[in-house]
Amino acid sequence: MRKLTFGMNVSLDGYVAAPGDDLGWGAPSDELFQWWSDRVGATGTALYGRRLWEAMSSHWPTADQQPGVTPAQVEFAGRWRDMPKVVFSSTTRPVDWNTRLVTGDAVTEITRLKAEDGGPMDIGGATLAAAAMRGGLIDEYVLVTHPVLVGDGKSFFTALDNWVNLALVETRTFPGGVLLTRYETRR
């Protein structure tokens, strides 16, 4: 069974995006950017919802060709392009950069993917992750908490029918007071 991890930058009040999908509060330090890049490098398959896919695919495919690009950005762009990706959307077409589109039921497809052989999977996008949370499919939660209150926006967590018990397995502090906490789901 493949491991499924939901990890994103999150504000202290629990949002992954401020109103208007504003992500300006979550700019990573060099150290945090490298941590995210290493995570992409270790991911067997990334699962994206439509909005996060559109944001990532509008920048990273050619980011390494932009003026002033850093070596870390070049590395991330290459890792991102090479990583197998699955996009869940009924409206997005076409997809590229080692990506497959799924238009059917996300929980059914994620369940099938988890049962396959292969490396760990990361799920990104709060709406897609919410469906996986409600389906009991997430094995690990990674919150990269930034010291900012945005007041409203897209929440990291969704309403659940049942409690999910977690075990803290890692904490790490990054520059600027950013705190990584990693929890495994207790089954």
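In this predicted model, the buried residues of helix α4 are covered by elements that include the strands β1 (4–11), β3 (45–49), β4 (85–88), β5 (99–102) and β6 (121–124) together with helix α5 (126–134), where contact means heavy atoms within 4.5 Å and where helices (H or I, at least four residues) and strands (E, at least two) are DSSP runs numbered from the N terminus. Residues are numbered from 1 along each chain as its sequence is written. Local features need pLDDT of at least 70, side-chain atom pairs count only at pLDDT 80 or more, totals for chains, interfaces and linings use all residues, and side-chain values use heavy atoms, with hydrogens and water left out.

Within α4 (residues 106–115), the buried positions are Ala106, Glu109, Ile110, Leu113 and Lys114, buried being under 20% relative accessible area, exposed over 50% and partly exposed in between (1.4 Å probe, protein chains only). Seen down the axis of α4, these residues fall within an arc of 140°, and therefore line one face of the helix; the arc is that of the directions from the helix axis to the C-beta atoms. The face turned away from this buried side carries the exposed residues Thr108 and Ala115.

Ile110 also belongs to the 24 residues of the largest nonpolar core, where Ile110, Leu4, Phe6, Leu47, Phe88, Ile123 and Ile138 touch the most other members; such a core is a set of buried Ala, Val, Leu, Ile, Met, Phe, Trp, Tyr and Cys residues joined through side-chain atoms within 4.5 Å. Two or more residues each come from β1, β4, α4, β6, α5 and β7 (140–146), and α5 gives the most, with 5 residues. Apart from this core lies another, of 13 residues, among them Trp60, Ala63, Ala77 and Met83.
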